Amino acid sequence: MRISGKIREIAMKFIDIGANLTDSMFQGVYGGSKKHEADLDIVLKRSWSMGMQKIIVTVGSLSDVEEAAKVIERDDRLKMTVGCHPTRCSEFLKDPEKYFSDLQASIEKYKAKIVAVGEIGLDYDRLHFCEKDCQKRFFEKQLELAETFNLPLFLHCRNSHADFIEIIEKNRDKIKCGGVVHSFDGNIDEAEKLIDMGFFIGLNGCSLKTEDNLQVVTLLPAEKIMIETDAPWCGIRPSHAGAGFVQTKFPTVKRKEKWTPDHLIDGRCEPAQILQVLEVIAGVKGEDKEKLADIFYNNTLSVFFPENRQ
């Protein structure tokens, strides 16, 4: 299906569990250089037209909280997380108690708009940003926020499964509301362990890159999947193994300077492209996409919006 510049209404309902809408790309800034006008409102309008019901804006550190809070003021369908990403946990070190206290204060301040503690976890692929012991220490510390505020978790686990599981198991009594391990790209044994612990598996374009990734998707129970874009990252590229299952094509410009309101920018993922994530999963599984969309939507409601569960 090719979608023209005028987006037609989509009957299916979606919730994007992770979108980095505070990223400067949505202000038209790339690498510190302004390429086009700010277009976040246009990006959001496009996502609502595609059937998006809610978007959870990902917060990666304390410094992102106020900007995320400004973004979600645009629409009641926007919610947010609060937490410190593993690659940024060195921000705790100057004054750990104050940093943690400020995270608590942020959750109190924006409690009505916060649906999860996150993005927290471990990332051993990028230790040049933050070393292991620091990540582990402050991942465990932030689990206290889930207990204190009775919130689910928005989790990050990259090349760190054993340590990740050890910390979760040690602190299971603090995790009352479950959560999701987003942008999952691990193997099926890792996925099944997470599912056994009560977590959902979050899939986006980065979860659908390789044939091994797709094989894992075939084995995941639909009742344990949520979908996301991780915009502006993790789009499905033509080189990805899952690309052959994409049915919906958006009008796109290759150069940022050629931006128009009716075009996506090649290489910048948008929440509207969650439809493509669904199409790949449905194609890989050989299942009806409308049926899967309904399952994934209700999975997400059950954890992050239980008051709206259908």
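1. Helix α4 (residues 132-149) and helix α5 (residues 161-170) cross at roughly 35°, and their axes come within 10 Å. Axes here are lines fitted to C-alpha atoms, for helices over the stretch in contact, with angles from 0 to 180 degrees between N-to-C directions. Helices (H or I, at least four residues) and strands (E, at least two) are DSSP runs, numbered from the N terminus. The crossing of α4 past α5 is right-handed, a term for a near helix turned clockwise from the far one by less than a right angle, left-handed being anticlockwise.

2. Before going further, please keep in mind that this is a predicted model: local features need pLDDT of at least 70, side-chain atom pairs count only at pLDDT 80 or more, and totals for chains, interfaces and linings use all residues. Residues are numbered from 1 along each chain as its sequence is written, and side-chain values use heavy atoms, with hydrogens and water left out.

3. Which residues make the contact between α4 and α5? From α4 come Lys-136, Phe-139, Glu-140 and Leu-143, and from α5 come Asp-163, Phe-164, Ile-167, Ile-168 and Lys-170, where contact means heavy atoms within 4.5 Å. By class, five of these residues are nonpolar, four are charged and none is polar. For that tally, Ala, Val, Leu, Ile, Met, Phe, Trp, Tyr, Cys and Pro count as nonpolar, Asp, Glu, Lys and Arg as charged, and the others, Gly among them, as polar.

4. Helix α9 (residues 289-304) has 16 residues and spans 22 Å from its first C-alpha to its last, close to the 22 Å expected at 1.5 Å a residue; the expected span is 1.5 Å times one less than the number of residues. Twelve of its 16 residues are buried, so α9 is largely enclosed by the rest of the structure. Buried means under 20% relative accessible area, exposed over 50%, and partly exposed in between (1.4 Å probe, protein chains only). Among the buried residues are Leu-292, Ile-295, Phe-296, Tyr-297 and Phe-304, along with Lys-289.

5. On to the cysteines: how many disulfides are there? The count is one, taking a disulfide as a pair of cysteine sulfur atoms within 2.5 Å. Cys-206 is joined to Cys-234, S to S 2.4 Å. Cys-206 sits in the loop between β9 (199-203) and α7 (211-219), and Cys-234 in the loop between β10 (225-227) and β11 (252-253), so the bond ties together parts that are 28 residues apart in sequence. The S-S torsion is about -95°, so this disulfide is left-handed.

6. Cys-89 is buried at 0% relative accessible area. For Cys-157, the closest cysteine sulfur is that of Cys-89, 14 Å away and again too far for a bond; Cys-157 is buried too, at 12%.

7. Finally, some backbone details to look at. Most residues other than glycine have a negative phi, and most peptide bonds are trans. Gly-118 and Glu-119 are joined by a cis peptide bond, omega about 5°, and Glu-119 is in strand β6 (residues 114-123). The bond from Ala-231 to Pro-232 is also cis, with omega near 5°. Cys-234 has a positive phi of about 60° and is buried at 14% relative accessibility. Ser-183 has a positive phi near 50° and is buried at 2%, in the loop between β8 (179-181) and α6 (188-196).
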